[in-house]
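Work through the exercises below with the structure open. Each task is followed by a solution in steps.

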Amino acid sequence: MARIHNILDFSSKKSSGTKISIVTCYDYSSALIVAASDIDCVLVGDSVAMTMHGASSTISATIEQMVMHTEWVVRGLKDGTKAGEKPPFVIGDLPFLSYRKDLTANIEAALAIMQAGANAIKLEGAKGNLALIEHLVDSGVPIMGHLGLTPQSVNQIGGYKVQGKTTAAHDAMLDDAKALAAAGCFAMVLECVPAALAKEISEQVQIVTIGIGAGNDTDGQVLVWQDLLGLNTQFKPKFVRRYFDGFGEFQKALNHYHADVLGQNFPSDAESFK
Ligand code: KIV
């Protein structure tokens with residue numbers, strides 16, 4: 001089945017039982033690689049604050065950063081997509097508190113990300129956001145929700161922990177998932193949620209669920225670029241699978257180049273101008 005180009009493709013994949021692959025992406029050259037891959041859809045996550053800017057949480061992400069990274073990614077996906085084909089769907093994150101202001105400011109935050117080229121926006125949590133979600137959906141903005149571990153609330157949650165483990169938390173998350181669907185979200189991320197609860201939500205809501213640390217029964221999965229490609233040796237939570245030793249392979253290439261320079265093996269005659 002073709003990759004995702006619009007929100008109808010999400011529901012078609014759910015109806016046909018075809019799983020959805022999403023990867024985060026933050027820059028032009030990585031987006032060229034994603035465009036050449038089979039990945040269905042791209043998230044310009046506010047995890048960019050940690051993965052690309054070295055911050056200790058996503059709280060420092062700003063609208064300006066999200067706009068800049070979204071523009072880079074959208075440009076890379078466009079340039080990297082074969083002529084005659086459409087680039088994959090892009091979701092941009094709204095940063096911490098940017099959607100908890102007054103309606104005008106919230107709309108301006110969403111507008112900035114959409115005008116940067118995103119096809120949809122993602123925001124964290126349900127309570128307090130439902131009226132805004134309804135308003136944005138009615139205004140033509142596709143919204144992806146995000147439940148479970150919502151990293152922007154790390155200070156409120158008290159750390160990066162699995163959510164929904166008690167009966168009360170389980171029931172509250174199921175209610176929130178139903179509320180996000182009723183408010184008009186086309187999909188939601190379930191992050192660090194017990195697999196059984198993620199399965200229950202995926203079965204009980206009509207909209208697409210995308211898991212990260214939420215087991216294998218969600219409608220799709222999302223992984224962070226640096227985690228998937230083994231670029232971050234400091235961080236290896238249980239739910240991450242490294243598909244490549246990116247750090248080691250880049251390091252080897254850099255050391256190879258260094259040795260070639262020191263040994264005068266680079267550049268060769270063929271790499272020099274006559
Ligand atoms: O910002 C991000 O990368 C995310 C994913 C972890 C879902 O929200």
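Predicted model: local features only at pLDDT ≥ 70, side-chain atom pairs only at ≥ 80, totals over all residues.

Residues are numbered from 1 along each chain as its sequence is written, and side-chain values use heavy atoms, with hydrogens and water left out.

**Exercise 1.** Find which residues surround the ligand and name their polar side-chain contacts.

Step 1. Look for polar contacts (pairs of N or O atoms within 3.5 Å). An oxygen atom of the ligand lies 2.5 Å from an N or O atom in the side chain of S47. For the side chain of K122 the corresponding distance is 2.8 Å, and for a polar side-chain atom of D46 it is 3.0 Å.

Step 2. Check the cover: alone, the ligand exposes 260 Å², of which the protein buries 96% (Shrake-Rupley method, 1.4 Å probe).

**Exercise 2.** Locate C192 and Q264, and state whether each is buried or exposed.

Step 1. C192 has a positive phi of about 50 degrees, and Q264 has one near 55 degrees. Most residues other than glycine have a negative phi.

Step 2. C192 sits in the loop between β6 (187–191) and α9 (195–204), whereas Q264 is in the segment after α11.

Step 3. C192 is buried (under 20% relative accessible area), at 8%. Q264 is exposed (over 50%), at 72%.

How values were computed. Polar contact = N/O pair within 3.5 Å; in protein donor to acceptor, adjacent residues only side chain to side chain. Helix = DSSP H or I, 4+ residues; strand = E, 2+ residues; numbered from the N terminus. Buried < 20%, exposed > 50% of the residue type's maximum accessible area, 1.4 Å probe, protein only.
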